[in-house]
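Hello,

Here is the model for your files. Please look it over before reading my notes below.

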Amino acid sequence: MLGLATAATVAMSKAAGDKKAAVVGLMSPYLAWITFATALNARIWKDNPNAQDIDDTPVDPPGEPTTAAKVMDAVVATTTKATKDLLGYK
């Protein structure tokens with residue numbers, strides 16, 4: 001992609017004749033963005049060498065809620081009740 005963008009800029013610059021500065025000025029942000037995106041993509045690809053091994057098989061949820069889940073349910077219920085009492089909801 002970066003090569004294609006650079007080739008397009010060079011081709012537009014040659015076709016523009018005496019307005020080369022305008023073409024290069026207008027294409028510079030695009031080239032900068034393509035360069036950044038290419039570098040970012042390469043870095044992500046390098047940092048995740050086993051990404052192709054990731055399996056999208058769904059995982060079955062656990063049968064019984066954990067203690068933390070039970071505590072969170074109790075906290076949510078208590079907070080909801082306290083909020084309703086505070087606001088006067090029945």
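**The salt bridge**

D47 and R43 join their side chains in a salt bridge, 3.3 Å from N to O. The term stands for a side-chain nitrogen of Lys or Arg within 4 Å of a carboxyl oxygen of Asp or Glu. The two residues sit four apart in helix α2 (residues 20–47), so about one helical turn separates D47 and R43. Searching the whole structure gives one salt bridge.

How exposed are the partners? D47 is partly exposed, at 45% relative accessibility. R43 is partly exposed too, with a relative accessible area of 47%. Here buried is under 20% relative accessible area, exposed is over 50%, and partly exposed lies in between (1.4 Å probe, protein chains only).

**Basis**

This is a predicted model: local features need pLDDT of at least 70, side-chain atom pairs count only at pLDDT 80 or more, and totals for chains, interfaces and linings use all residues. Residues are numbered from 1 along each chain as its sequence is written, and side-chain values use heavy atoms, with hydrogens and water left out.

pLDDT is the predictor's confidence in each residue, from 0 to 100. The protein chain averages 76, and 80% of the residues score at least 70.

**Fold**

The protein chain holds three helices and zero strands. Along the sequence the pattern reads α-α-α. Helices (H or I, at least four residues) and strands (E, at least two) are DSSP runs, numbered from the N terminus.

Helix α3 (residues 67–87) has 21 residues. From first C-alpha to last, α3 reaches 30 Å, close to the 30 Å expected at 1.5 Å a residue. That expected span is 1.5 Å times one less than the number of residues. G88 follows α3 and has a positive phi, near 85 degrees.

**Surface**

Of the 90 residues in the protein chain, 7% are buried. The chain's accessible surface comes to about 7900 Å², and carbon and sulfur atoms account for 67% of that. Areas come from the Shrake-Rupley method with a 1.4 Å probe; for residues, only the protein chains shown count as cover.

W33, F36, L40 and I44 make a nonpolar surface patch of about 440 Å². Patch residues have over 30% relative accessible area and no salt bridge; like charges are joined within 9 Å, nonpolar side chains (Val, Leu, Ile, Met, Phe, Trp, Tyr) within 5 Å. I44 lies in helix α2 and is partly exposed, at 46% relative accessible area.

Best wishes
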